[in-house]
Amino acid sequence: MIMIRDAFNTRIGFILAAAGSAVGLGNIWGFPTQVANHGGGVFLLVYLLVVLILAIPALYTEISLGHAAQANPVQALRSLAQRPAGVGAAAGAGMGYLNVGGAILMLSFYHLVAAWMLAQGLASLALALNLDQLSQWLQTGSHSRDLVLMFAFISLTFGIVIKGVQQGIERWSRRLMPVLVLLLLSLIAYILTLPGASTGLAAYLIPDLSALKQPGLIVAAMGQAFFSLSIGLGGMMIYGSYLPKDTRIGKLVFGVAGLDTLIAFLAGLLIIPALYVAMAQGLSVAEGDQLIGEGQLIFQILPQLFAQLGTAGAWLGFAFFALLSIAALTSTIATAEVPIAYAIEQHQLSRRQAAWIIAALIAVIGSALVIWFEPLFNWVVTYVTQFQLPLSGLFYFIVLGWLWQRSNRLRELAQQQLKYRLLFWHLRVVCPLLLLWVFVDVAF
């Protein structure tokens, strides 16, 4: 029996879903932290440049692989890694399995982090409604709180993906992304009215070119640009596979990258001024000459700032953590589709069966991370973000540029026009070298 694959119904639905996949916690807290620690506005300039040079080509590569194969990462990379005969297919399948496993691991720790977001947001809401006892329970870290809220977030994720691409992912992406942007703009508008915000705005938007000499600036910008587009776990590949075969993906890629970059820029407009507002309130936001780590910034410094703003601060805190929770949800529904598509296509499970099995597996691993947090959590995060993501992205470039021979549209166009020939060599030589630089820097 031939299985009919689900597909996106509209181009805007794909762009919002793919941008939602890319717009995650890395955009909302990772990007502003990198900006603050690498010269402010000058990092923004370098970041925009490397988005064009590395991140957009990487996004194009991953989506192209899925679009061409019309399959999950295991099957897609197995079929497209055509050289050398037999060996390439085995290596492709192996990387596909790593993508499926990496996606499950990422979902496990991401849902735990999302549980902390829910806890902070609901605590602020409870405080605004004078539910002090509930607010205290939500603000106090415990296994029971983390498990309850993690299971709740897992239910949100799989309640969406179980409905499929059109009725689940696309429909909810069209709802969640506008809400995310509206919340972000509203928070920016409020923060910019507070004392100290104008100083932060200047630090963010006016580049200090002397900071270009700062060690690690370029590789930090490349790493942030690559990671912010959610490349390397197969999520964009599986989304690409849900596009009709005759779709021209170039403009779609620019649409996704443009929306993701815009939201990262807006996140900087929120977080950088908020840091200066916090300093104006007497809060310490730095350790030596570095901004305090992302986790402490989000879960300690900003909540302290909101607490000093009274009732308005409670509602502000609720809106801020609602923003983070939506960003997390749009990422988890994309990543969840990787193991679900694999289970459906490779093991002939129904979508409902696949969703239940994957959700249960993530709940088990996530529970282990809660109970044995110290030995496990940092290891899992480090493996996925510092090894799996850049290694997978590097392999995608190699497949597109060197291993994929038959039916490689870009290879065919490169033989006919100079602009495509230049693009092809950029993807097969320049981008892998740049990503190898990032991989060596973050992994070793």
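Guide: Here is a walk to one loop, with a few stops elsewhere to set it in context. You're looking at a predicted model, where local features need pLDDT of at least 70, side-chain atom pairs count only at pLDDT 80 or more, and totals for chains, interfaces and linings use all residues. Residues are numbered from 1 along each chain as its sequence is written, and side-chain values use heavy atoms, leaving out hydrogens and water.

First, the setting. The protein has 18 helices and 2 strands (DSSP runs numbered from the N terminus: H or I of at least four residues for helices, E of at least two for strands). Its radius of gyration is 22 Å, close to the 22 Å that the globule rule gives for 444 residues, so the protein is as compact as a globular protein of that length. (That radius is taken over C-alpha atoms, and the rule is 2.2 Å times the number of residues to the power 0.38.) Along the principal axes, the C-alpha atoms fill a box of roughly 65 × 55 × 40 Å.

Now to our loop, the one between helix H4 (73-80) and helix H5 (87-128), where Pro84 lies. Arg83 is in that loop too, and a cis peptide bond joins Arg83 and Pro84, with omega at about -15 degrees. Why stop here? Most peptide bonds are trans.

Arg83 counts as partly exposed, at 45% relative accessibility (under 20% is buried, over 50% is exposed, and partly exposed is in between, using a 1.4 Å probe and protein chains only). Leaving aside neighbours within four places in sequence, Arg83 is in contact with Gly88, Trp402, Leu403 and Gln405; contact means heavy atoms within 4.5 Å.

Gln70, in the loop between helix H3 (41-69) and H4, has a positive phi of about 55 degrees although it isn't a glycine. Asn130, in the loop between H5 and helix H6 (132-139), also has a positive phi, near 65 degrees, and is not a glycine either. Gln70 is partly exposed at 24% relative accessibility, whereas Asn130 is exposed, with a relative accessible area of 62%.

For contrast, head for the inside. Of the 444 residues, 57% count as buried, and one of them is Phe158, with a relative accessible area of 6%. Phe158 sits in helix H7 (residues 143-161) and, not counting residues up to four places away in sequence, touches Ala336, Ile340, Ala355, Ile358, Ala359 and Ile362. Phe158 is also among the residues with the most contacts inside the largest nonpolar core, which has 161 residues. (Such a core is a set of buried Ala, Val, Leu, Ile, Met, Phe, Trp, Tyr and Cys residues joined through side-chain atoms within 4.5 Å.) Helix H14 (residues 310-347) gives the most to this core, with 19 residues. Phe320, another of the core residues with the most contacts, is in contact with Leu187, Leu270, Ile271, Ile298, Leu302 and Phe306, neighbours within four places in sequence aside.
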